[in-house]
Each structure stands twice: as C-alpha cells, then as structure tokens.
Amino acid sequence: MERGNFVAKKILLLDGNSLAYRAFFALPLLTNENGIHTNAVYGFTMMLQKIIEEEKPTHMIVAFDAGKTTFRHKTFSEYKGGRQKTPPELSEQFPYLRKVIDAYGIKRYELDNYEADDIIGTLSLEAEQAGDEVVIISGDKDMTQLASSTTTVFITRKGITDIEKYTVEHIKEKYGLTPNQIIDMKGLMGDASDNIPGVPGVGEKTALKLLASHGSVEGVYEAIDLQKGKMKEKLVANEDLAYISKQLATIERHAPIEISIEELSYAGPNQDELVKVWTELAFKSLLEKMEYTAEETVKEELHFEVLTAIDPAILKDEMAVHLELYDEHYHSCDLLGVSLATETETYVIPMTVVEQSEEFNKWFKDPSKKKFMADSKAATAAFLRMGIELKGVDFDLMLGAYIVNPSLTYTDMASIVQEYGYRDVSTNEQIYGKGAKKKVPEETILNEHIARKARTIWKVRPLVMKKLEENEQFDLYDKLELPLATVLGQMESLGVKVDRDQLSEMGKELSHKLEKIESDIHGLAGQEFNINSPKQLGVILFEKLGLPALKKTKTGYSTAADVLEKLEGQHEIISHILMYRQLGKLLSTYIEGLLKEVHEDGKVHTRFQQALTTTGRLSSTNPNLQNIPVRLEEGRKIRKAFIPSEPDWVMVAADYSQIELRVLADMSEDERLVQAFKDDRDIHTTTASDVFHVPIEQVTGDMRRAAKAVNFGIVYGISDYGLSQNLSIPRKEAADFIERYFTSFPGVKSYMTTIVADAKRDGFVTTLMNRRRYLPDITSSNFNLRSFAERTAMNTPIQGSAADIIKKAMIDMDAALEREGMQTRMLLQVHDELIFEAPPEELEKLMKLVPEVMEHAVKLIVPLKVDIANGATWYDTK
DNA sequence: ACGATCACG
DNA sequence: ACGTACGTGATCGTT
C-alpha cells in the first residue's frame, strides 16, 4: 500500500500458450472429481505461485496466441505446419486457465494475427526503454533472443517449476552468442517444433560454429566462398530458406498492441475468486495452503478506542462511518456495532451506546456532516429500523467500486478493497466463519474487525475517487448512484403490504388442483413418479411412453417447456405436465415462498441489489419483487395480494413504453426509427410494415409478432440462430429477416457495427451516463467468447442506458414528492416501471406528476412515453 | 454446490 | 465450422 512511485517496477511477462503446453505434457493427465482434466491448469498455477513468491512482481501479464494464423503464415504458409492438433484434454482446460489468471488479478492479452511471443517482445521493448526490470517466462527457447541487461528470460526445464534463467551472460556462456544471434541460430538450424526449416543438414553444432566465425546469417553468406564441399553446397542451395527461417524466428517487437505497461500493475490475487475457481477445480492442497496463509497475513497495526459514551468533540465534519451487520439480510439481522475514522483517529461504538446517544443521532442526521461509508443503503435501512435517520452520505465505497468496474463481485469489503491493493482488513468469513459454524467472535476480535472497516473506507476512498475522476464517472456516481442508495433504502424500509389471507386462500385452491393433476399424470404414465424431477420425467416421457427426445441437456433429456410444447399433440400427458409445472411454480415460489418473506408488520421488505448487475440494472432479492407473474392470468392473480399499506389508499403503476428501443433510436439516430417514435406509432407494426414492405393496414398479427421478435433480437445483439429459435423458423429465414431489418433501418446497422468496433478499440462500452462495462473477450480468438462479447457490446449500452434513465427518474420522483409535500410513497422499481401507493386525494395530481417526471428524466432525440394506471391492488393497475 | 427450470424486464 | 439470443432470482432435485 505504501509503495511509492519511486520504487522500480518489476514486470513479469508470461507466455500463456507455451506454459500451458509445457505443464500439460510435464504432468500426468490428472482428472478432478467432476471429470475435468486439470493437469495443465494445476501445473500453471503451481508455477505462478512460485514465481510470484520469488520474484515479487509489480506488474504482470499472461499473453496468449490468438487464432490459427498469424502474419508469419504470409511469409511461410507451412509455418507451424505438421504440428499436432491441440489435444482436446488440453483445449478444455483453457477456460479454467483464464479463470485462474483472472482470479489472480493478472491481465490477460491476445492479439489477432500475432503470437504471444510478439506481444511479449513488444512489451519488453517498451519496458527496456523505460529502464524497467523484466522477467519473461516461457517454455520456448526462442524467447531467449529477448534477453538484455534488464531482461531475463526464464525457460522451464523438464517439469514446470524447474527453471533455467537466461541472462545475456548465461547465453554467452552456453552458446557463445548474443541474444540477437539466437535468431541467426534458428535461421540456420531451424526449429522442428515450429516447422521452421532452416538449412537442411545444419544442426546446433554447425550453426554455432558458423556464427562464431561469421556473426550472422548474412555474415555467413557474405563469406560463402570460405565454405567448401558439401557444406557450401547445402548453404548455397538453401540460402532463401535460411533467410526465411531467420525471419520466422524473429520476434516482432512492434506489434500493434493496445495495452501498455501501466495497465499491467499487479496487486495480488482476489482471494474470493481464487477460492471459487480452485474449489471448482478441486485444488484441495492449494485451498488448504491458502487458509493457512490467510491467517498469517500481517496487517498494519491499528490503534482504536472503544467508546462507552460519545463526546461530541470527536464527531467531525468528515468521517468514515461503518455499521457492521451480521449478514446481508439487513432488514432483520443483528447490528453489531459502529466504527468511525478520520485521518488520525479510529473509534468503535457498541450499538447500545449508539442508541442512547442523542449527540450521535443529531450528528448522524445532519446533512452537512459528511459520512464516508461502504454500503450506505444497508446502513440507511438498518438504522431506520431503530428510528435513526441517516443523512449526509458523501461517499459509498461499494457503489464507487461498482461504477469503476461492474463486472467484479462485491461479496464483502475485503474483496472490494483488494482491487485497490489494500489488504489490512479481514473478510467476514475469516471473522464469523461460515455455514453451521458461523458465529459472532469474542469482543476484541469483533471490535478490531469493525474498527478496521472504518479505517479501510478512509484509506481507500481517495483511490476510488481518483479512478472515478479518471474515467469521467464522478457524476454517474455522485449524482445518480449515491443519491439513489438513500431513495432505495427508504423504499425497502417502507416495504409492500401483502394480503396473507388472500395468498393462503390461493394456495389452498392451487394445492387441490395440483393433487388432481398429479394423479392424472400418474394415471396416464401408468406409474407414480416425481414429476418435479427432470430425470424421472425424462425416463417416463422418452423411454416408457416412447416420445421423441428433441433436445438434450448435459445431464440427460431436456424437458423444458419449449420442448414439451412441441410434443403437445403427441400425448395427452404433455399438457397436464405443463399445467402442473405452471401451477407448481406459482405455489412453491409465489405463494409459499412469498409468505415466508412476510415480516411481522405484514409487509415484504425486498433488498434491491445496487452493485450487482453488469449493465447497471437493479436486482431484487428476499423476496424478488421484480419477477412477480404477469404474463399468464393464473399467475397474474398473485398481484391481488400486493395491496396498499393504508386503508383506502390505491396502488399506482407507471411504466416506460418501449424504453429500450427509444434508447436505441437515440443512440443510433436512425431516421426511420426516430420518426416512428416522434409520430408515436406502434413500433412493432411499423417495423413489420417496413420489413415486409406492406402498408401499415396490411400488417397481419403474425407479421407483427415476427417484427416484435426481431426488435427484441436487435436489443439483445441479434444473431440469426437466436431469432430462429425464438420464432421456430429455419435459420436462413431468420437471417433474411435480419437482413431486411437492417436495410430498412440502416442507422441501426451502422450503430451495431460502430459499437462493436469501439468496444474492440477501447476494451469497454459505455451508456448514456457513462456507465462502463469491460469486454475483454471481444478480441478473443474463441468464436463463442468473442460472439458473446459482441452481443454484449450491442446490448449493454441499450439496457444500461435504460437503467440510467429510470434511476434518474426515481431520484427526480423522490424529490418531486418531497417538494410537493405529498404522502404518496414510491415502493418498487421493475426495470422500466415504478410502483407507488397513494392516498386517494393525491391520485389526480399523481397521475399527471409521475408521467411528467419520468418522461423528462433525461432528454433524448425521441420522446419518452409513460403509461400509468391505478387500482385497489397491484393486479388492478392495468 | 450446481444444473434445470421458469418467473420477470 | 463454430453453436447463442440480453439481464436477473427462487425453487427443486441431484451430487
């Protein structure tokens, strides 16, 4: 942490492909309990552990070869020819290898048309010119050509952890050559493994002898007359091959890489991620070793004071404040204590002291006293349980870190701050344990943990702020996410009233229906079995009843709804199973599940996850109130149980109409799409009319349905296969639809092309409010990974901008209700809609106010449109 | 702990 | 040739 800029860099450049091959062939073909081969990943990991420990790098990267062909193939088409295909046992390990590297927090890089060598050659040159110390690690001796006074090349011997270090001196000693002459050696002797020919008949001995007297390939041919006999013949006959071979063996040191040394800084592994991937791979010995070292980690000593009473003098204008919670269920869990920190002081305040201190409460709700926190929404909601108000939140560590990179998982504070190189705080798991063994530790341990958290916030805040500024994301963070946290905290605390009797009544009815359907199914099957078990159901349908198995999953037959629907005409049992599934889902998830979540106040208090999705959307848990049924009437009835919390009040629901397509219109500036929204036309019908070249009046239901699917596809990052699946049509036809769509909406097409190109150039995409998502796979040579990243590049700006807009609307709405002095309460957000409860006397005003505010949350080149409805229950807001 | 399934936008 | 629509969470059965 205290590492100053004056400390020299030590840069480790690893050749990923070469090392993976080495590890694969050096170790026996290990298989873990899940049947995955792991030897290459294991060997690579062991090597990584050792090298990090011994070399203590400040910067690291693992470079990979991209694709099958490189610029070298243009020179010599047989380059690397005759090489055996990568064994599948090794190929399957590459995804895990990438996961391991990511968990270590090490950068990965690959570049179309170039090999790992070239990336490393280019980076090492950059480092050399800056005077930095470099270590290159590979299994390929070619790399030794890169050695210099500041660069050492480590080549793995036999095993993978056994290493030979090639310095300039070592190369001189061993071959009598300079690093540059290694290339000449390859030119003369070739390299069987890369299918570099060299001069036939010239081996290492001869090559070294020739170079000793002539210095280089060029030198040998300038003095060719000094050779005689067979040797001269061979050399003369193969002069071209010698030069080509030399060229092939030369590592490119000016590859067009879009990454610089500065971006490689290495801050150590993300322990949580490492545990995850090692568990997946079943690397037990490494896991045990980590637990051992985790406890050994030495933290900087911290002095703090545990307060039994609060002297107002310690409460400053700016303080880090942390509320420690026993678990993530902050609407119900124990509150374990509060800590405060400034530059010089750290305090721990037990909850009993907090509760009794009027001074603290006053300071806490004073908006001019700036609080730096880690999860201000949790604190807002948890303190509201005790009737304590929190105002003046000026920093939120979790939100800041999330804005900087939404792709990371924010499990606890230790994992967040590790991203910023800070390690002086334990993970919650280390302090409380996990599973059945979880418990509150003795007071001294607990207090230190809590104290360290406030200290951590204070320490890491400037680093997060700097990142936000650098990325021009401060406004997104400060004007959007931070104020939203408070709004969300209040919404969660308010909760939504649930009519338990209504749910129980529906549950009874459903149970009876399910019993009946169950016995019907068993009757039709001729035996009893568990309908909920896809395995047992598969056996009944596809073996006993002999129905055709149309799709398979990893584990057996697929019995998913889309598969069963295709079988509906073939056996009476199918429709019963579909009905059983539908009703069973309602009963277990939405009746029984929901009832379990109702608190003593007769309300459900969801938690909106604000730092979770990669696109910027919220998510909702315990219970999830963002997926309450609506599409089918039976399910929709569940919404009758969501009622206002005051007598005679009403529920109000307002949703954005086609917000994602409007965002697309805005970003693509496609003329026809923009005009369609300006004219307030039905967008799917308009699309159908354009794509099928028929007047609006002649658009049939099926045409509109197809157009709607295409519009969805466009938003998702279209592919012909995806569309064909959705519409159950041949892929060719789907491709044709897409083609016609792009002809009609050329602006959309060029937007899609541009956004993917931008993502390739920048490594990330952005939304309306400058939210970022990094897409490292966009340059991958793996078709699947790359395609996925490309679709994400198209989808994230759309989905994420829509998320930005409704978040802004929520903040504006909260302010509007406050400003108008209204009693109406905002309760829920469901991605494109907001749900309120309101007293009847405010209804008329509200029905105007909400659309007004939502439609003007941001200004796009197309209008935003909001539909609003009210009723006695959520069900009735349609 | 994980995959299959299905609920939502 | 490759094989998937984007983003989530809860429940169930199986390992």
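Me: Of the atoms of DNA strand B within 4 Å of the protein, what percentage belongs to sugar or phosphate?

Reply: Sugar or phosphate accounts for 71% of those atoms of DNA strand B, and bases make up the rest. This is a predicted model, in which local features need pLDDT of at least 70 and side-chain atom pairs count only at pLDDT 80 or more, while totals for chains, interfaces and linings use all residues. Residues are numbered from 1 along each chain as its sequence is written, and chains are lettered from A in the order in which they are written.

Me: Which residues come nearest to DNA strand B?

Reply: A residue is near a strand if one of its heavy atoms lies within 4 Å of it. Of the 22 residues around DNA strand B, the nearest are T559, R581, V630, R631 and D832.

Me: How far is a polar backbone atom of T559 from a phosphate oxygen of DNA strand B, and what is a polar contact?

Reply: A polar contact is a pair of N or O atoms within 3.5 Å; within protein, one must be able to donate a hydrogen and the other to accept it, and residues adjacent in sequence count only if both atoms are side-chain atoms.

Me: Which residues are closest to DNA strand C?

Reply: DNA strand C is surrounded by 37 residues, with S533, S619, N624, F783 and R791 the closest. The side chain of S619 has an N or O atom 2.7 Å from a phosphate oxygen of DNA strand C, whereas N624 has a polar side-chain atom 2.8 Å from a sugar or linking oxygen of DNA strand C.

Note on methods: Side-chain values use heavy atoms; hydrogens and water are left out.
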